[in-house]
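Please work through each task before reading its solution.

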Amino acid sequence: MATHSNHPPQLFLRFFRWFCHPELRRHIEGDLVELYHLQRVRAGKRKADIRFAIDVMLLFRPGIIGPIKSDVNLNHYGMLKSYFITSWRTITKNKGFAAINVFGLAIGLAACLLILQFVIFELSFDTFHSKLDRTYRVTNDRFQNGKLIQHGTITYPTIGPVMARDYPEIEDYVRIMPGGTLNVRIDDKNFRGDDSYFTDQNFFTVFDFKLLAGDRKTLLKDPYTAVLTESTARKYFSPDSNNLSTLIGKTFYWGLDPQPYEVKGIVSNPPANSHFQFAALISYSTVTTTDKDADISWTWSDMYHYLVLKPGTDPKSLEKKFEDFSERYFKGDKVTGSIEKFYLQPMRKTHLYSDYEYDFAVTASGKAVWAMVIVAVFILVIAWINYVNLTTSRAMERAKEVGLRKVMGAFKSQLVSQFILESLLITGAAALIAIILVTSLQPSFNQLVGTGLTWNLLVENLTTQQVAIIIAGLVGGALIAGMYPAFILSRYQPVMVLKGKFARSATGNFFRKSLVIFQFTASAALITGTLIVTRQIEFMNKAELGFGLNNIVVVRSPELLAYDSTFITRVEDFKEALKQFSSVTNATTSWRIPGDRLGRAFNIRIDGQPAETHYTVSHVGVDYDYFKTMGVRVIAGRPFLPSDHHANFEKLNTIIINKNAMHLFGFANPDDALGRDVLWGNDGTRKWKIIGVVNDYHQEGLQKPMEPMLFRPAYSPGSPISIKVQGANIDQTLAGIEGIYKKFFPGNSFEYFFLESQYKRQYQDDNRFGKVITIFTVLAMIVASLGMIGLSSYTALQRTKEIGIRKVLGASVSNIVSILSFGFIKLVLIAALFSLPIAYYFMNEWLQGYAYRINLGWLLFALPVIIVVLIAAVTIFFQVLKAALTKPAETLKYE
Amino acid sequence: MKNFTLGEFEEVVMLTVGVLYDSAYGVSIKMEIEQRLNRTVSVGALQIALKRLEDKGYLKSREGEGTEERAGRPKKYFQITALGKRAIEHSRAQREALWKAIPKAALHPKIVGR
């Protein structure tokens with residue numbers, strides 16, 4: 001009997017078999033083995049082994065070694081070809097199902113790709129700064145009477161420098177102060193509307209905006225020097241050459257400032273994914289030369305601060321030290337009238353996770369971004385489930401093929417690879433269609449949603465980590481979706497199948513049902529979400545604002561109008577001339593217009609209240625036409641009169657408050673407030689007599705609560721003029737207004753907008769989110785319905801004999817339709833009910849971001865359930881009806 | 001005339017196949033050469049030579065029986081073809097011509113003075 005040790009060394013034998021040319025292998029192996037045995041008898045096992053190994057090694061030479069592609073691979077290739085052909089045949093045999101599969105997946109993938117572009121762009125904000133992970137914004141919360149009164153990014157000019165002095169872990173800091181819009185005069189040309197910021201010299205060490213021209217050492221150093229972005233510089237100076245350094249040293253005049261500003265540097269336009277967008281930077285020293293306070297004030301809070309921490313610093317522990325800092329410099333509420341708390345916001349979070357007031361950053365809702373990710377995943381999973389369901393439901397059809405293949409000697413692994421190849425084919429085709437879809441639909445999508453998404457944007461901003469996640473997700477999902485049917489189908493026992501004793505397993509059925517439930521739970525939740533989002537947007541757009549938004553044209557203030565003793569007369573003359581127009585009903589000037597964030601005063605009380613009382617209110621200066629023009633109701637007292645105004649601000653002494661301010665000050669009804677004095681200014685000694693109380697109105701969009709407000713009868717340069725117009729011919733009215741403007745303010749540029757569109761810009765993000773979620777919900781529903789069509793028609797097909805027998809025994813068409821559809825409708829109904837708590841939780845959360853929001857009534861939840869069941873019913877109905885109408889003779893004649 | 005090329009080892013293999021006549025296969029050829037010529041022959045060298053000779057058409061092969069000590073693998077028996085016969089004959093003739101051409105003195109070195 002041959003024992004194990006009688007064999008030559010297996011390792012070498014295997015090696016030999018692997019490399020040897022197949023034609024030579026058998027007899028050479030025979031020779032080797034024979035020699036081995038001879039050698040063993042002659043010289044013993046050890047020697048024989050060694051001899052064998054040497055022989056094998058010496059055989060490893062050209063002439064003996066087989067072709068590089070071993071025969072194993074060759075055979076596989078042939079098999080793959082065969083798989084490909086059978087896959088192709090199966091696909092073409094069931095064109096309808098293949099189409100449903102491919103298109104369902106394609107739509108899912110396309111939706112996913114679009115969302116991916118959007119999400120990746122949003123996530124890429126500020127990543128171009130090299131010190132991003134160490135850079136923080138100082139944020140400042142202010143508390144009064146234990147209540148948060150301001151949650152801001154603006155704070156005092158001293159914060160950055162003093163913190164950097166007190167805490168060695170701060171490596172660098174920069175201050176930024178909004179400079180308003182630039183009104184620039186160069187020779188005889190005027191330019192306006194570009195956002196400018198005053199900023200410290202460290203700007204270019206903290207941030208990585210690319211400098212195109214200029215000397216880094218002198219940038220933003222001296223007063224009256226500027227750094228312009230490339231596009232601003234080109235607009236101002238229209239240089240002949242591409243060499244921007246020729247523009248260094250050019251000068252421009254800003255507004256009424258007699259001092260020229262010198263261009264010291266040109267910076268490339270801020271990338272679209274920068275939270276900080278600017279057109280021009282002016283040296284901070286420009287402010288400090290005219291107003292020392294811009295360096296030393298502990299009460300002037302208009303500055304934004306960015307700190308760069310030394311590597312390895314824990315921001316949390318630094319943040320803790322700010323309590324001391326606040327106590328040291330602000331001494332409770334002694335300095336500013338409010339308790340000051342300071343925090344560090346990572347710059348990485350500025351774009352997506354900011355909910356601050358007075359923020360200049362380009363912000364978006366991080367929640368919305370992640371909601372989109374969830375939607376994308378939902379749609380993709382729904383599409384994959386379709387694939388799994390459609391493929392496994394066809395198991396019956398494929399079972400015979402599988403059985404036969406197994407009888408012919410196919411291994412399970414071969415069957416699995418066949419089915420995986422099939423799913424790869426379908427996924428590949430779907431991916432191709434998806435890419436074509438996205439590329440062709442991108443422009444219309446961008447237009448509809450108001451984005452500028454491109455493939456480039458996606459490719460440029462992807463990080464390797466994101467690429468890894470995406471590829472892992474897509475490939476992993478595709479593999480799982482392909483793998484499951486492959487394993488199910490390849491599992492069948494050939495004897496059972498070929499005997500015809502084939503039953504669908506109960507677990508498989510249960511699994512398929514759970515998948516359908518998941519699909520429709522996701523769809524129903526999305527529908528509920530869409531419904532609530534669109535309802536909220538509609539609510540905001542139609543809400544009663546407390547003032548008249550329509551037919552108001554806002555003209556920007558003349559930039560070359562200086563404030564002097566004649567200012568009021570000149571503005572009033574202009575208004576008077578406007579009112580001569582029959583189509584102009586009224587005109588007013590105010591510091592801010594509805595939709596703007598107002599300034600706040602923090603140290604206010606009513607005369608007679610104890611000195612430690614502090615109230616915080618928003619305030620605005622308006623003229624006597626304001627309430628009438630805007631349609632704000634005066635509920636007590638009187639509106640302003642021309643006699644309340646005075647060119648000298650110090651002589652103003654009347655004030656109007658809104659209802660919220662009245663409640664804040666502790667008056668039960670408006671008449672109690674009338675005639676009382678508000679103490680505001682000059683260290684709490686200046687008196688303002690309350691002459692009127694107005695209704696609350698939505699100064700800001702419905703996301704924000706209505707605040708206590710004070711109105712003062714003050715004019716100011718830079719105040720826009722709001723004009724209430726009427727009549728159909730708006731173009732003619734506008735032309736008339738422009739004519740008068742040009743006459744009154746020659747040399748100024750005329751710019752206008754409609755208050756309504758400006759105000760509604762506050763809802764831009766919400767509108768966009770609403771549109772996007774609607775589009776993708778519809779897509780998700782289409783994909784889920786496609787799956788439903790496929791599944792229901794196959795079930796109907798499988799039950800044709802049952803239907804035939806039922807009909808023979810007297811069942812009516814409606815009977816059969818209801819029998820067939822009941823199972824599906826039940827599933828969809830369960831799914832819809834599952835979706836309710838999920839949708840309620842998330843939508844309730846979402847609505848918390850709105851100060852004024854719709855009620856989540858039962859109808860908002862009942863409707864999606866009805867919609868989903870209806871859509872499912874209609875999709876199923878036609879499939880089922882076809883089966884129910886088939887004559888029994890046709891289905892049963894073969895039995 | 002066709003140019004017959006035979007290497008030294010190839011010629012040895014050809015001749016040994018001739019010697020073994022009907023029982024020439026890998027192992028027997030190897031043993032025969034090793035015994036007669038007192039040199040070791042590696043399986044690799046032998047197989048390459050056999051393959052090359054078969055490719056040239058000097059040898060033909062047939063598949064034989066597989067025995068137990070060969071783990072059932074068949075033997076491959078070799079036979080000299082007509083072309084092969086002419087090739088070794090040609091080689092022999094060339095050698096003989098060369099032998100004849102050698103002057104007697106060359107083979108008696110003692111006569112030649114150093």
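Buried means under 20% relative accessible area, exposed over 50%, and partly exposed in between, with a 1.4 Å probe and protein chains only. This is a predicted model, in which local features need pLDDT of at least 70 and side-chain atom pairs count only at pLDDT 80 or more, while totals for chains, interfaces and linings use all residues. Residues are numbered from 1 along each chain as its sequence is written, chains are lettered from A and ligands numbered from 1 in the order in which they are written, and side-chain values use heavy atoms, leaving out hydrogens and water.

**Exercise 1.** Determine whether A:Ile552 is buried or exposed.

*Solution.* Step 1: the relative accessible area of A:Ile552 is 1%, so the residue is buried. Step 2: among the residues that A:Ile552 touches are A:Thr629, A:Ile723 and A:Phe754, not counting residues up to four places away in sequence (contact means heavy atoms within 4.5 Å).

**Exercise 2.** Classify the ring pair of A:Phe207 and A:Tyr306.

*Solution.* Step 1: rings of Phe, Tyr and Trp (its six-membered ring) pair if their centres lie within 6.5 Å; planes under 30 degrees apart count as stacked, over 60 as edge-to-face and the rest as tilted. Step 2: the structure holds 66 aromatic pairs over all chains. Step 3: the centres of A:Phe207 and A:Tyr306 are 5.0 Å apart with planes at 80°, so this pair is edge-to-face. Step 4: both A:Phe207 and A:Tyr306 are buried.

**Exercise 3.** Classify the ring pair of A:Tyr224 and A:Tyr261.

*Solution.* Step 1: with centres 5.2 Å apart and planes at 70°, the pair is edge-to-face. Step 2: A:Tyr224 is buried at 17% relative accessible area, and A:Tyr261 is buried at 4%.
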